[in-house]
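Keep the selection tool at hand.

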Amino acid sequence: MVREISAGGVVLRKRGGIWWIAVIELPAAPIASAPESAPEPAKTKPGRSKSKPVLALPKGLVDPGEKPLEAALREVREETGITACFVTKLADIKYVYVRTWGDGARVFKIVSFFMLRYESGRINDISAEMRIEVARARWVPLEDAASLLAYRGEKQMARKACEFLAAHPDF
């Protein structure tokens, strides 16, 4: 079984008395040929349009010689256009998926998620090359993130960020 190590960021920003989280919208792709970017999407409810945007957290593979936190910060910058600073490690998500492209291999994947605080930059200011992976990046209210994000593990990361903020009201 192939192993993949990835890292991602839960980037928070407080504005207007509300906590916001940076999310990415994945590009629309034909269902039959779209590579699986994360397992276990939320179940589609009857009557819901299949064209609804798929929202996810910024994340990607850890490059050789790179530490997971460095990869998370890089992926956030590349996929959202913003820079952020480290707050705490939230958790590792582990799962197995089968590649729907290329070799069709079974992959054991570990994604380390870090809570980050927005520092600078304009969301969605990303390169044209990145538009292959990211249709757009945007801020959503943190309190809505668990219902908006598509993947179970990422929903858990949004909940963990809410728990952190509840335990650290002076953050």
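The stops below start at a helix, move to one of its side chains, and end at a strand and its partners.

This is a predicted model.

**Stop 1: helix α1.** Select residues 68-80, which form helix α1. The helix has 13 residues and reaches 18 Å from its first C-alpha to its last, close to the 18 Å expected. Now colour its buried residues: Ala 71, Ala 72, Arg 74, Glu 75, Val 76, Glu 79 and Thr 80. These pack against several strands, among them β1 (2-15), β2 (18-25) and β4 (59-61). Step just past the end of α1 to Gly 81, which takes a positive phi of about 90 degrees.

**Stop 2: Glu 79.** Go back into the helix and select Glu 79. Which side chain of opposite charge is nearest to Glu 79? It is Lys 59, 6.4 Å away. A salt bridge needs the two charged groups within 4 Å, and Glu 79 has none, although it is buried. Look instead at the backbone of Lys 59: its nitrogen lies 3.2 Å from a polar atom of the Glu 79 side chain. Glu 79 also touches other residues, including Ile 24, Pro 58, Met 130 and Ala 137.

**Stop 3: strand β1.** Select residues 2-15, strand β1. What are its partners?

- β6 pairs with β1 in the parallel sense over eleven bridges; find Glu 4 and its bridge partner Lys 109.
- β4 runs antiparallel to β1, with three bridges; find Ser 6 and Leu 61.
- β2 is also antiparallel to β1, with four bridges; Lys 14 stands opposite Trp 19.

Finish at the hairpin of β1 and β2, where two residues lie between the strands and Gly 16 takes a positive phi near 60 degrees.

Definitions and conventions. Residues are numbered from 1 along each chain as its sequence is written. This is a predicted model: local features need pLDDT of at least 70, side-chain atom pairs count only at pLDDT 80 or more; totals for chains, interfaces and linings use all residues. Side-chain values use heavy atoms; hydrogens and water are left out. Buried means under 20% relative accessible area, exposed over 50%, partly exposed in between (1.4 Å probe, protein chains only). Lys and Arg count as positive and Asp and Glu as negative; His and the chain ends are not counted. A polar contact is a pair of N or O atoms within 3.5 Å; within protein, one must be able to donate a hydrogen and the other to accept it, and residues adjacent in sequence count only if both atoms are side-chain atoms. Contact means heavy atoms within 4.5 Å. The expected span of a helix is 1.5 Å times one less than its number of residues. Two strands pair if DSSP finds at least two bridges between them. Lists of a residue's contacts leave out its neighbours within four places in sequence.
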